[in-house]
Amino acid sequence: MEKAVFQRNQNNTANIYIAGNYTSSISTVEARFTNATNSQVVIDWTVFSSNINGGIFHGSVANVPGGWYNIEVRGKMNGNIVGTTNINKVGVGEVFIIAGQSNAQGREGDQGEVGATDERVVSHNEVSWFDAGLGQCDIKFPNYPTFSQITSASGTRSYLSKTGQNPWCYGKLGDNLVNKLGVPVAFFNSGAISTSSVNWKESSDGSPTNNHYSNVQYCNAVGVPYSGLKRVLNYYASIFGVRAILWHQGETDNYMTNTGSNYISNINYVINKSRTHLGQNIPWVISRATVFDKNANGGSGNSSSTIINAQNSVINSSNKIFSGPYTDDILGSNRSDEVHFYGSGLIELANRWDASLSLDFFNNATPIPAQPLPNISISCASLNQQRLTAPGGYVSYKWVKVDSGNQDFEDTAEATTQIIDRSSGSYRCYLTDNLGNITFTQTVTVQNVAAQCSCVGIISCSGITYLSDNQPCSSTNGWGPIEFNKSNGENGTGDGTTIKLKGVSYAKGIGVHANSEIRYNLNNSFGRFIAELGIDDEVSTAVGGATVIFKVYKDNVISYTSGIINKNTSTVKININVVGVNELRLVVDDSGDNSFADHADWAGARLHCVDSQAPTAPTGLVESLISQNCATLTWNASTDNMEVEKYNIYKDGALIGFVNAPITTYRVTGLNQLNYYQFRVKAVDYSGNESSQSNLVEVVTLQNLVITNSNKQINIGQSSSLYAFGCFGGTVTWSTNSTQNPILVSPTDTTTYSVTCTIGDCTSAATSETVNVIPNCKNSYNLLQGIDDFVTSTTNLTYNASQTIRATNIISSEAKVNYNAGQSITLLPGFQSIPGTVFKASIVGCNNP
């Protein structure tokens, strides 16, 4: 919408949605934002389209900074520009809603008001306040928005929809704000003359309320005046966003001598109602206004301290209720009737509002963003009708046929369903959420139906749909015909064989030869596209060629490209989101080395429905083959309304891996010895829905191996028996490559032996043991207690020294030990030879036994 203003966020940006129709084929749509004042480029050409299909496009440009823009839009096909258009003057800035009584609404006729001098101060120029024909207030929603500068020139005086009868002070206020903030400003009015806080509170409940001056039902309509504010909130605030409600009211409460406590209660009630009805914590700005001349022939413009104090009490910035201007001292000629502002008084009122809307206010009043533009989709319902589908999640839908004069929410409905089928015409859908907030779609023109719907395609989804079981809308192939449920083959129709990739056979799939293209109409009916990709095994021995690139297009936009795949490439699995996709196009291109032997398979190519149902939980989880650092998990397969894709494995609550279905076993590695672990398994389908968890399995890993050594020390020629404990159900392997247990070793020098345990396919960390060989005929030995004690009956050792032996060690348990030294043997305090042992000490040379 030209000259529309969308509410910026606290970062001074907004998302701008762009949608439209096209006739020439396009694959991308780009937009460029230029400053409408100086033509400088603010956002250069950027692709924004997320939905290009059936003659319509839709998308958004994120983080557009506050400003006033001309927007250029262009469509491209294969990099070439095929169409352009412009949208002049669109703003990211500030949006305000006005509420209160006549000094908020503005009085009918010439009141000396001043329009805006800056084109960036805008409103929807219409008024739907009072229906003279019905003699009551008009409670309908505003018409389809069109924006223009707020002006006060004779004959072109602006209304401020919904109820604003003239520019009042808002043209001047808008100029002030634009000058201060540097961004455009839009105003919408919901004020109502002669209203009290009582009228607003009672009508917010949908109850009748009386005019305090005539004592008859206010405006002859139930729910007024609050219905006007609710309509503006649910319509303009929903579509464009809003910074705050500007509230100017209190004169009638002064007239009726309302109490302060009652005023506080009423206004807080209305504020809370507005936030409930919008579903957002919209900020309010409360003016301090009470002046009302109670004398019929003029008077002093009496102010009410009671109401002023009540208004001050309502203000609470922590609850996003901010202080507006104090206006009771604007008197005299500025208020010709001692109630309503006039001429210079309106300028002063604007200046005071501007002062209240300070930079501090903008830093603390969190704005409400515009709702995203609903993404409508178009597909084929039959050979002569297109299907228009509005997004789900709304409580009501209202289609209007705009090319027959309808533009507005209040116009006669073409249909009230989410989906309509039409053969011609231009349509817009109004959507209402559960709070009553309204937004609308782009205008969609049904066109070229015969060409676009020449192939109806796959109309609806039920379970798993294999593409090879359905006729494509079109197909081309580089060699012979495309084969369904077979490989491409070499010659004519049907000469292919069972599809096979890396030895795995597939009953379903499509065999092609580069360069090929297959097109299916999905009619926005599916959720996922799944396939396994590769070069068929039938050309596994080809001398050259057999290199391709797979591509997947969704509504003419490339969604996936494989890179180069050859006959040695592992099978590639794809799982692509196709929600809202009308046309699926599968392309296989030659990689550039000619198309020799380019037999490519879309193996198992299939579609899943949109799916939010999780698989059943895996059952019967058990553990086996537990070792020092591994364990094997096995479980029963889950079921799903579509297909289980994989199983996620959780250790102690953390995801550690997965296996692809239908595998139902997992080998856990990297565990620590003698440790406690908890395991669970969850099933996941192709839409990412994860099941609840399986039963719990608890695992305690084995302790690392322990080696017993019959003789830790030996003389050359003696042996030691080594035994490894702890390899339960597995195989030990010694560093000698022996798998015997125990093993007998006779090293000639001190040697360290290691052993591992293999259970299943997992091998433990090595455990080591050293057999010490006593050197023959050292110069000297110094044998120490606690280190060189001999305590086993299998000990039979001789120490030969060419010079000396000194000993403080202990010999026990029937050990047999000989000390031979050429010069001396000294048995020091601490040495013991326990009864039952055999100990002999001899002064003898090494070579004289």
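Two strands pair if DSSP finds at least two bridges between them. Strands here are DSSP runs of E, at least two residues, and helices are runs of H or I, at least four, numbered from the N terminus. Keep that in mind for the sheet.

Some ground rules. This is a predicted model, where local features need pLDDT of at least 70, side-chain atom pairs count only at pLDDT 80 or more, and totals for chains, interfaces and linings use all residues. Residues are numbered from 1 along each chain as its sequence is written, and side-chain values use heavy atoms, with hydrogens and water left out.

Now the sheet. It is open, with three strands in the order β37-β38-β41 and antiparallel pairing. β37 (619-624) and β41 (665-668) are the edge strands, each pairing on one side only. Look at β37 and β38 (residues 631-636): four bridges join them. Thr 619 has Asn 636 in β38 as its bridge partner.

Next, helix α8, residues 344-356. How many residues does α8 have? It has 13, and it reaches 19 Å from first C-alpha to last. That is close to the expected 18 Å, where the expected span is 1.5 Å times one less than the number of residues. Buried means under 20% relative accessible area, with a 1.4 Å probe and protein chains only. Among the buried residues of α8 are Leu 346, Leu 349 and Trp 353. The buried residues of α8 pack against α1, α2, β14, β15, β16 and α9, with contact meaning heavy atoms within 4.5 Å.

Last, α4 and α6. Tyr 226, Lys 230, Leu 233, Asn 234 and Ala 237 in α4 meet residues of α6 including Val 270 and His 277.

Technical notes:
Buried means under 20% relative accessible area, exposed over 50%, partly exposed in between (1.4 Å probe, protein chains only).
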